[in-house]
Amino acid sequence: MTVRPATVDDAAALADLAAATFPLACPPSVTPEAIAAFVAANLTEERFAAYAVDPDRVLVVDDIDGRLDGYALLVHGEPADPEVAAAVPVRPTAELSKLYVRPAGHGTGVAGALLAAVLDAARPVAAGVWLGTNQANARALRFYEKHGFARVGTRRFLVGGALESDFVLHLPLS
């Protein structure tokens with residue numbers, strides 16, 4: 001396992017990885033068509049190439065002999081969603097926007113290593129890190145709570161035409 005910063009050269013592999021792992025975190029109400037539309041609009045090679053060079057983002061990958069098995073994306077800056085802004089208790093903050101691992105890597109420490117890398121990157125500039133995860137995603141909730149995140153609120157959002165709710169979780173970095 002090697003966690004390293006992603007580069008523009010990883011963009012195609014990241015888009016493939018995202019397409020394979022994003023459905024794992026979707027609520028049961030989200031249709032395959034809605035998932036495909038989200039992936040096509042938001043998890044593209046072009047988006048990942050832009051993330052890799054954006055100074056306000058930290059994109060790391062788990063590279064096992066040239067195969068990407070997981071990735072994490074941290075976004076520096078204040079939450080735009082008013083529900084999240086009200087729930088996040090400290091400033092400045094950063095968002096753990098994405099953390100996905102192939103199923104074969106679940107339980108192997110890959111997710112923990114990716115999380116540690118982005119938290120290390122956040123510490124010099126943020127007092128805390130927040131994330132949103134679907135209330136039905138018990139596996140993700142257990143993982144984040146095991147790593148010190150606490151539920152601080154909820155947010156609502158539309159996905160695939162259905163209104164869903166996320167728990168907002170927060171981890172102070174001090």
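In which strand is the place of Phe167? Select Phe167 and the cartoon shows strand β7; helices (DSSP runs of H or I, at least four residues) and strands (runs of E, at least two) are numbered from the N terminus.

Before going on, note that this is a predicted model, in which local features need pLDDT of at least 70 and side-chain atom pairs count only at pLDDT 80 or more, while totals for chains, interfaces and linings use all residues. Residues are numbered from 1 along each chain as its sequence is written, and side-chain values use heavy atoms, with hydrogens and water left out.

Phe167 counts as buried, at 17% relative accessibility; buried means under 20% relative accessible area, exposed over 50%, and partly exposed in between, with a 1.4 Å probe and protein chains only. Show its contacts (heavy atoms within 4.5 Å). Not counting residues up to four places away in sequence, Phe167 touches Leu131, Gly132, Thr133, Gln135, Leu141, Arg151, Gly153 and Thr154.

Next select Gly153, in strand β6. Gly153 is partly exposed, because its relative accessible area is 22%. Among its contacts beyond four places in sequence are Ala87 and Asp166.

**The nonpolar cores**

A nonpolar core is a set of buried Ala, Val, Leu, Ile, Met, Phe, Trp, Tyr and Cys residues joined through side-chain atoms within 4.5 Å. The largest one has 27 residues, and those with the most contacts inside it include Leu96, Val118 and Phe149. Elements giving two or more residues to this core include β2 (57-64), β4 (93-101) and β7 (162-172). α5 gives the most, with seven residues. Select Val118: leaving out residues up to four places away in sequence, Val118 touches Val58, Val60, Ala72, Leu74 and Leu96. A second, separate core of 23 residues includes Ala6, Ala18, Leu68 and Val75.

**Asp10**

Now go to Asp10, in the loop between β1 (3-5) and α1 (11-21). Is Asp10 buried or exposed? Asp10 is buried, since its relative accessible area is 9%. Its side chain reaches the backbone nitrogen of Thr7 at 2.8 Å. Apart from neighbours within four places in sequence, Asp10 is in contact with Arg4, Pro5, Val61 and Leu68.

**The largest pocket**

Select Ala25, Ser97, Tyr100, Gly132 and Thr133, which lie nearest the centre of the largest pocket among its 49 lining residues. A pocket is found on a 1 Å grid over the protein atoms alone, as an open set of points where a 1.4 Å probe fits, with protein on both sides within 12 Å along at least five of seven lines; lining residues have an atom within 4 Å of a point. β4 gives the most to the lining of the largest pocket, with seven residues.

**Two backbone stops**

Select Arg91 and Pro92, which are joined by a cis peptide bond with omega of about -5°. Pro92 is in the loop between α4 (82-87) and β4.

Finish at Asp65, in the loop between β2 and β3. Phi of Asp65 is near 55°, a positive value in a residue other than glycine. At 79% relative accessibility, Asp65 counts as exposed.

Technical notes. Polar contact = N/O pair within 3.5 Å; in protein donor to acceptor, adjacent residues only side chain to side chain.
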